[in-house]
Amino acid sequence: MARLIRTEKEVEGHYTEQWIVVDEDALDQWPAGPLQTVGKPAPRVDGRERARGEATYTADIQLPGMLHAAVLRSPHARARVRSLSLSSVLAAPGVRAVLEPGDSHVLTDEPGYHGAAVAAVAADTFAQARAALAQAAVEWEVLEPLLDPDQAVEKGSLVSEPNVSERGATERGVSEAEAVVEAEYRTQTVLHNSLETHQAVCVWESGRLDVYISTQFLWGVRATVAEQLELPPDKVRVVCNFMGGGFGSKNGPGEYTFIAAELARRTGRPVRCALTRREENLATGNRNSTIQRLTAGARSDGTLTVLKGDYVNSVGFEGWSPSTGGPMELLYACENVRVAEHGAKLNTPPNAAFRAPGFVEGTFGLECLMDELAARLDLDPLELRMRNYADSDLVDGRPFSSKNLLECYRRAQPHWARREEVRARSQGPWKHGMGLASQVWYGGGGPPSYAWVRVGSDGRVQVVTAMQDIGTGSRTAMAQIAAEELGLSLDRIEVSLGDTSRGPFASISAGSSTIPSMGPAVRSAAADAARQIVEIAAQRYHLEERVLSLRNGHIVSADGGSWPIEEITELLGEGQILGKGARGPNPTGMRTLTFGVQLAEVAVDIETGEVLVDRIVAIHDVGRVINPLGASSQVEGGIIQGIGHTLSEDRLLDPGTGTVLTQTLDAYKLPTIADVPEIVAEFVDRPDEHLTNLGSKGLGEPPIIPTSAAIANAIRDATGANVRSLPITREEMLRALRAAREREGLERTAETVGEVRSA
Amino acid sequence: MRIELDVNGEQLEADVWAGESLLYVLRERLGLPGSKNACEQGECGSCSVLLDGELVCACLVLAAQAEGHEVVTVEGLAGAEGLHPVQAAFARAGAVQCGFCTPGLVVTTAHLLERNPDPSEDEIREALSGNLCRCTGYAKIFDAVKLAAGT
């Protein structure tokens with residue numbers, strides 16, 4: 001039954017209160033643990049297509065008469081277009097149309113960052129389009145860019161009001177503390193670098209717009225494009241069948257979609273607007289850099305009395321200020337917490353959500369601070385975390401729908417016990433050590449989300465929903481869920497997704513929400529279809545529905561009867577069974593979060609500053625795991641991205657002009673297979689009994705969150721150096737080692753002075 | 001200019017501009033989009049193909065240079081239907097996430113195993129370090145290479 005409720009909706013840590021129509025979630029959860037298909041490792045249902053090179057990505061769409069767009073971008077961080085002439089561009093070979101500022105809301109004559117779109121051209125080939133753009137006559141007035149985030153905060157150049165939240169009394173917390181640690185942490189700007197660049201192909205046909213796009217949210221693109229172009233949403237069709245990675249940067253339509261749509265409208269031809277790698281690294285978003293000025297205070301037994309964080313997010317020219325203070329608010333049972341977040345508006349490329357935005361950066365600061373506090377108190381870092389375990393959400397006093405972080409810590413203990421052994425490996429300049437860090441994140445998903453299930457007379461099943469699989473394996477997970485509910489093998493399930501005109505509304509694939517939002521809807525649709533199969537079977541075999549169930553491709557009765565499911569489905573002839581399902585509401589009055597802990601083993605060459613990550617153990621609590629193979633792959637992928645974030649990736653700006661220096665993959669260092677440590681991935685795998693008919697939370701983001709802090713803490717364990725700035729390049733490592741030696745020297749001098757005085 | 005290319009055992013003709021890369025011609029002119037374009041500068045390996053059995057980045061080879069040489073792309077590794085053992089191993093081991101890098105990795109792995117049927121872990125690291133993957137964390141790619149080496 002449809003029910004109107006007022007509920008909180010969360011995406012990437014943003015909460016909004018809204019009315020929402022939901023269907024009841026009447027199904028009981030399955031028992032915990034591996035079932036027939038759910039909870040067992042399943043290779044991708046589309047692995048074959050992908051491995052054969054047959055999967056059609058947006059980059060592979062070819063339409064008859066398709067033109068190619070190229071975009072003129074600002075070479076300056078801040079400038080004004082004094083004059084612009086595109087007449088030579090229009091006259092260049094192959095050119096069909098040009099756009100200038102005023103022709104589209106995504107083009108500007110006052111660019112505020114390097115890479116902002118100014119003009120565009122469509123030509124028969126991309127080479128022609130690019131060559132034509134070189135003919136553009138632009139006179140720039142170059143203006144002084146604002147690049148310093150602290151200066152921006154001081155001047156009030158912010159993207160939004162500062163976000164300040166406080167509980168308890170932090171001043172009292174400081175005075176009650178027996179040890180106080182204050183430190184400043186910095187994180188760098190990181191680029192998504194999905195292998196498929198941002199792109200769209202737009203086609204107009206009889207007033208209807210088809211958008212083929214590499215996206216994480218078909219329906220969001222549909223809504224935004226329809227609104228911007230003043231079209232009824234049903235006149236916009238959005239298609240993305242295979243997608244080459246997004247990591248948060250492909251949640252919306254982007255300028256390229258509007259450029260392609262406008263050029264397609266003007267030329268009457270399909271237009272592709274595909275970004276090059278250089279454009280990708282200028283204009284599609286980034287994980288913003290941060291400055292974090294943090295304080296932690298505790299009693300000598302380790303009980304936290306205060307946590308304070310002052311955060312500056314270098315958001316860029318547009319964009320949003322992520323919740324960098326979120327981990328500080330959510331992770332520990334500390335009564336006195338104050339968090340202030342400032343989103344500095346600068347003349348740099350705007351940020352975009354990047355796999356746990358804010359929480360990756362904030363966890364680096366918080367979890368390094370906790371280890372510095374542990375060192376000050378001479379406490380074991382794991383012990384310090386367990387002493388401050390939060391049993392409920394202290395932000396608003398709500399209970400957690402489930403939390404098994406203690407179980408994660410318990411499972412971490414045998415690994416943590418290797419610490420002495422790891423340290424003992426130190427030899428010559430190579431120092432070995434071990435560190436850990438905890439993780440908290442959202443990932444509960446929510447309504448609305450819908451799915452249909454179609455059963456044919458051949459007993460095969462198609463799951464139909466207009467969701468997207470951004471590469472995480474959602475298609476496979478949905479097939480597993482439907483297979484489980486219908487008692488069928490995985491090879492009898494097909495999943496049709498990726499097209500807003502071919503299925504019902506599905507939620508965004510961001511905020512670790514795909515499985516917790518879509519999975520319950522698919523299960524509910526499959527259950528509706530299963531119920532109808534049983535209804536027919538009951539009539540055919542003259543039995544009561546309640547004694548029948550679906551198992552192993554058969555309809556089985558309580559008294560031992562068993563009939564292949566085809567015996568019933570073939571009665572359908574050309575008919576079909578249509579099951580319909582929706583995502584039910586979230587548990588009211590509860591906070592749904594994901595948790596975990598990671599342990600890193602590292603080796604540091606204290607002469608050269610080289611850091612090697614030897615081993616990472618990841619133990620995560622995300623409720624029921626649908627596909628252990630896909631889940632461990634998510635964890636490994638998150639960790640290796642985390643290692644890149646920690647050690648090598650760094651978007652560099654020219655400090656004078658604000659232009660981006662690292663636009664290509666030779667300058668911006670992504671991890672390769674040569675950088676991969678041993679990774680151990682474990683899951684608590686207990687269904688969240690309050691959350692949906694599955695009890696599953698999302699896993700996309702959790703694994704990247706604690707990696708950098710675990711590595712930095714391992715480095716401290718190995719060398720005694722406090723690394724407080726990412727990336728930990730050799731230069732940064734040597735600087736931290738030097739600072740540690742100086743501190744040690746000062747302490748020794750102080751001790752000597754003390755000894756002299758007492759003598 | 002008109003060139004004739006031997007791609008996956010077929011003789012194909014294409015009208016190309018002298019500056020066009022082999023990758024561009026494969027993808028845009030010959031209807032073979034399996035090789036992917038992700039960086040255009042030989043850094044990511046997504047466009048890896050075999051040229052007379054040697055591994056190259058198709059984005060760094062001019063189409064005209066490939067005339068008179070045998071080109072094998074991901075589409076040509078197996079027949080029209082089946083899976084090359086490396087493709088089967090990638091699918092089975094879960095070494096495929098978004099899959100955009102997979103064609104390049106599959107070609108590179110096939111090339112590695114052709115020369116060295118039983119590579120050590122370090123040899124795998126060395127051979128595949130020119131292929132970037134942003135999703136999998138590479139762990140399952142190791143598994144796939146070892147699985148393929150054993151078949």
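**View 1. The two domains of chain B.** The centres of domain 1 of chain B and domain 2 of chain B, taken over C-alpha atoms, lie 21 Å apart. The model shown here is predicted. Domain 1 of chain B spans 2-77, and domain 2 spans 85-149, according to the domain assignment. Where they touch, domain 1 of chain B contributes 17 residues and domain 2 of chain B contributes 13 residues.

**View 2. Area buried between the domains of chain B.** Domain 1 and domain 2 of chain B bury about 1200 Å² between them. Carbon and sulfur atoms give 67% of that area. Which three residues supply more than any other three of the area that domain 1 of chain B buries against domain 2 of chain B? They are L55(B), V74(B) and L77(B), with 36%.

View 3. How many salt bridges does the rule find across the interface of domain 1 and domain 2 of chain B? The count is zero. Five residue pairs, both at pLDDT 80 or more, are in polar contact across this interface. On the domain 1 side, β3 (48-51) and β4 (54-57) of chain B are the elements that give two or more residues. β3(B) gives the most, with three residues. By residue type, this side of domain 1 of chain B holds seven nonpolar, seven polar and three charged residues.

**View 4. Chain A against chain B.** This view turns to the contact between the chains. Chain A brings 53 residues to it, and chain B brings 50 residues. The two chains bury about 4000 Å² between them. Of this area, 55% is on carbon and sulfur atoms. R52(A), L195(A) and I673(A) supply 21% of the area that chain A buries against chain B, more than any other three residues.

View 5. The rule finds four salt bridges across the interface of chain A and chain B. One of them joins the side chains of R134(B) and E649(A), at 2.7 Å, N to O.

**View 6. The side of chain A that touches chain B.** Two helices of chain A, α1 (47-51) and α17 (628-647), are the elements that give two or more residues to this side. The largest share, eight residues, comes from α17(A). This side of chain A divides into 21 nonpolar, 20 polar and twelve charged residues.

Definitions and conventions. Residues numbered from 1 in each chain as written. Chains lettered and ligands numbered in written order. Predicted model: local features only at pLDDT ≥ 70, side-chain atom pairs only at ≥ 80, totals over all residues. Heavy atoms only, no water. Contact = heavy atoms within 4.5 Å. Buried area = accessible area lost by both parts, 1.4 Å probe. Helix = DSSP H or I, 4+ residues; strand = E, 2+ residues; numbered from the N terminus. Nonpolar A, V, L, I, M, F, W, Y, C, P; charged D, E, K, R; others polar. Domains from an automatic or database assignment. Polar contact = N/O pair within 3.5 Å; in protein donor to acceptor, adjacent residues only side chain to side chain.
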